[in-house]
Amino acid sequence: MPVTVLLVDDEPLVRAGLRAVLEAQDDIEVVGEAADGAAVIPLVRELRPDVVAMDVRMPLLDGIETTRAVLRTVAEPPKIVVITTFENDEYVYEALRAGADGFLLKRARPAEIVHAVRLVAAGESLLFPASVRQLAARYGDGGNRAARAALERARLTEREAEVLRLMTRGLSNAEIAARLVVGTETVKSHVSAVLAKLGARDRTQAVITAYESGFVAPG
């Protein structure tokens, strides 16, 4: 089954460019488009895309509020990738904090766009971990009370804490397994436990909690 994608951007040329890049792939299908975040929830419910690729800045409802709305109201929400012009944009970090799974630059090369969609859909690695770390260093709060409380409640085991540290570096399950000399299925179990204990819906949110709580330093 192909990865299905909903494109959301107020610029028709941007949507057309993304569609052309993604639909050139045999394993990706663009199932719909929208010009603003206000149209996203009805389309998500109707089309059930695997991934929503969405501009972070839009005139009516931006990517941050749309992300919050989708995760709050859709029972089985899609993965969300916000699209931005500027890499070090506070809007992007706020979108990640709101629950977005990653971000993509509008100037990204076609291969990077395709890779981002596939990676986020698979959910086994972190998209652009170095950039997420830089955003956390610039805009994050290492003493965030809610994040600290979530980490304290989690009571991670020593191995789970080690897995979380490796997740912040962007390592995939297979790479973590190789680093720890354990099986991939064992790593998947540890990752699932970390997410459940932190109350995080995916790796990105777990990593944001790790930075915001001060569990790891983003610098």
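The axes of helix α8 (residues 158-168) and helix α11 (residues 203-212) come within 9 Å and cross at roughly 100 degrees. This is a predicted model, where local features need pLDDT of at least 70 and side-chain atom pairs count only at pLDDT 80 or more, while totals for chains, interfaces and linings use all residues. Residues are numbered from 1 along each chain as its sequence is written, and side-chain values use heavy atoms, with hydrogens and water left out.

Reader: Is α8 roughly parallel or roughly perpendicular to α11?
Author: Axes are lines fitted to C-alpha atoms, for helices over the stretch in contact, and angles run from 0 to 180 degrees between N-to-C directions. Angles under 35 degrees count as roughly parallel, over 145 as roughly antiparallel, 65 to 115 as roughly perpendicular and the rest as oblique. The crossing is roughly 100 degrees, so α8 to α11 is roughly perpendicular.

Reader: Which residues of α11 make the contact with α8?
Author: Contact means heavy atoms within 4.5 Å. On the α8 side you'll find Leu-164, Met-167 and Thr-168. Their partners on α11 are Arg-203, Ala-206, Val-207, Ala-210 and Tyr-211.

Reader: Where does Arg-48 lie?
Author: Arg-48 isn't a glycine, yet its phi is positive, about 50 degrees. Helices (H or I, at least four residues) and strands (E, at least two) are DSSP runs, numbered from the N terminus. Arg-48 sits in the loop between α2 (40-47) and β3 (51-55).

Reader: Is Arg-155 buried or exposed?
Author: Arg-155, in the loop between α7 (145-154) and α8, has a positive phi of about 50 degrees too. Buried means under 20% relative accessible area, exposed over 50%, partly exposed in between (1.4 Å probe, protein chains only). At 69% relative accessibility, Arg-155 counts as exposed.
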